[in-house]
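Work through the exercises below with the sequence and the model open side by side. Each task is followed by a solution in steps.

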Amino acid sequence: MWFIRDGCGIVFAVVTWFLVLYAEFVVLFVMLIPSGDYMYSAINGIVFSLLAALALASHCRAMLTDPGAVPKGNATKEFIEILQLTSGQVLYNCPKCCSIKPDRAHHCRVCKRCIRKMDHHCPWINNCVGEKNQKYFVLFTMYVALISLHSLILVVFHFMHCFEEDCSSSSATTMTLLIFLGLEALVFLIFTSAMFGTQMLSICTDETGIEQLKKEDRRWAKKTTWVNLKAVFGHPFSLGWASPFVMPDQGKADPYQHMI
């Protein structure tokens with residue numbers, strides 16, 4: 001199982017789970033169940049719990065999936081001969097992890113590996129976002145944005161109800177929990193929405209965050225947006241695109257991918 005032993009990343013991952021479970025607790029046990037409206041509570045509780053479960057499942061898949069790491073120490077003369085390269089074909093090796101560096105791969109100092117199509121290293125998932133786990137990271141940001149929006153709307157409705165009726169009986173603890181949830185939802189709605197947008201833009205343009213930051217010259221063939229989306233989420237289009245439990249079928253692989 002792929003897992004990065006980075007103290008900072010592990011703390012961020014635990015905090016992520018705590019914040020999602022905190023939101024689940026406040027939504028269910030502070031706002032919905034005490035409301036007394038069965039249909040309102042049941043519908044919102046089921047929708048929120050489903051989105052929260054999908055967010056946590058996406059987080060696990062993004063964190064525990066190999067992002068496309070290149071095997072260490074394969075930059076040897078014997079291995080290069082096995083590849084049977086054509087005349088004029090150039091190979092680059094990474095001096096940090098002693099591996100053959102495929103095109104569009106970058107070395108991550110946290111993972112201590114070269115990652116194929118590395119976009120960036122994200123401490124919130126304690127992993128790199130790369131060729132093999134970008135789908136799960138996109139789903140994670142999408143579902144967190146949705147539960148943030150949902151919980152923010154519920155908090156606003158709750159306070160509007162308090163203004164209409166006397167809520168002076170609400171304890172200070174209850175009001176503190178709701179205010180903290182509202183602030184958390186607002187911050188993460190902005191953050192994850194922006195991250196989701198940049199990731200989708202990166203996928204559609206087939207240009208990783210590192211390539212955009214370094215303004216690298218485009219050495220790869222330009223493809224349509226639809227082809228780029230299928231390369232990340234799988235062939236063909238299906239409901240599996242929105243599921244963290246479905247591994248994307250990325251079509252024909254690079255013939256050298258299993259070697260490097």
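**Exercise 1. Find how H1 is oriented relative to helix H2 (residues 38-64), and which residues make the contact.**

Step 1. The two helices pack at an angle of about 175 degrees, and their axes are 10 Å apart. Axes are lines fitted to C-alpha atoms, for helices over the stretch in contact, and angles run from 0 to 180 degrees between N-to-C directions. Helices (H or I, at least four residues) and strands (E, at least two) are DSSP runs, numbered from the N terminus.

Step 2. H1 is therefore roughly antiparallel to H2. Angles under 35 degrees count as roughly parallel, over 145 as roughly antiparallel, 65 to 115 as roughly perpendicular and the rest as oblique.

Step 3. On the H1 side the contact includes Ala 13, Trp 17, Val 20, Glu 24 and Leu 28. On the H2 side it includes Tyr 40, Asn 44, Phe 48, Ala 52 and His 59. Contact means heavy atoms within 4.5 Å.

This is a predicted model, in which local features need pLDDT of at least 70, side-chain atom pairs count only at pLDDT 80 or more, and totals for chains, interfaces and linings use all residues. Residues are numbered from 1 along each chain as its sequence is written, and side-chain values use heavy atoms, with hydrogens and water left out.

**Exercise 2. Describe how helix H1 (residues 7-32) packs with helix H5 (residues 172-205).**

Step 1. The angle between H1 and H5 is about 135 degrees, with the axes 10 Å apart.

Step 2. H1 and H5 are therefore oblique to each other.

Step 3. The crossing of H1 past H5 is left-handed; that is, the near helix is turned anticlockwise from the far one by less than a right angle, whereas clockwise would be right-handed.

Step 4. Among the H1 residues that meet H5 are Leu 19, Tyr 22, Val 26 and Met 31. Their partners in H5 include Thr 174, Leu 177, Leu 181 and Phe 188.

**Exercise 3. Compare the record's "transmembrane region" annotation with the model.**

Step 1. The UniProt annotation, from an unreviewed entry, covers residues 7-32, 38-57, 136-160 and 172-191. UniProt positions are in the numbering used here, feature names are shortened, and annotations may be inferred rather than shown by experiment.

Step 2. Residues 38-57 are 100% helix and 0% strand, with end C-alpha atoms 28 Å apart.

Step 3. Residues 172-191 are also 100% helix and 0% strand, and their end C-alpha atoms lie 29 Å apart.

**Exercise 4. Is His 121 buried or exposed, and what does His 121 touch?**

Step 1. His 121 belongs to strand S5 (residues 120-122).

Step 2. His 121 has a relative accessible area of 19% and is buried. Buried means under 20% relative accessible area, exposed over 50%, partly exposed in between (1.4 Å probe, protein chains only).

Step 3. Leaving out residues up to four places away in sequence, His 121 touches Cys 108, Val 110, Cys 111, Asn 126, Asn 127 and Cys 128.

**Exercise 5. Which residues of helix H7 (residues 225-233) are buried, and what follows H7?**

Step 1. Asn 228, Leu 229, Val 232 and Phe 233 are buried.

Step 2. Seen down the axis of H7, these residues fall within an arc of 115 degrees, so they line one face of the helix. The arc is that of the directions from the helix axis to the C-beta atoms.

Step 3. Gly 234 is buried at 3% relative accessible area.

Step 4. The C-alpha atoms of Gly 234 and Asp 249 are separated by 4.6 Å, although the two are 15 residues apart along the chain.

**Exercise 6. Locate the backbone exceptions at Arg 104, Asp 206 and Pro 236.**

Step 1. Most residues other than glycine have a negative phi, and most peptide bonds are trans.

Step 2. Arg 104, in the loop between strand S2 (99-101) and strand S3 (105-108), has a positive phi of about 70 degrees. Arg 104 is buried at 9% relative accessibility.

Step 3. Asp 206, in the loop between H5 and helix H6 (209-214), has a phi near 55 degrees. Asp 206 is buried at 5% relative accessibility.

Step 4. The peptide bond from His 235 to Pro 236 is cis, with omega near -15 degrees.
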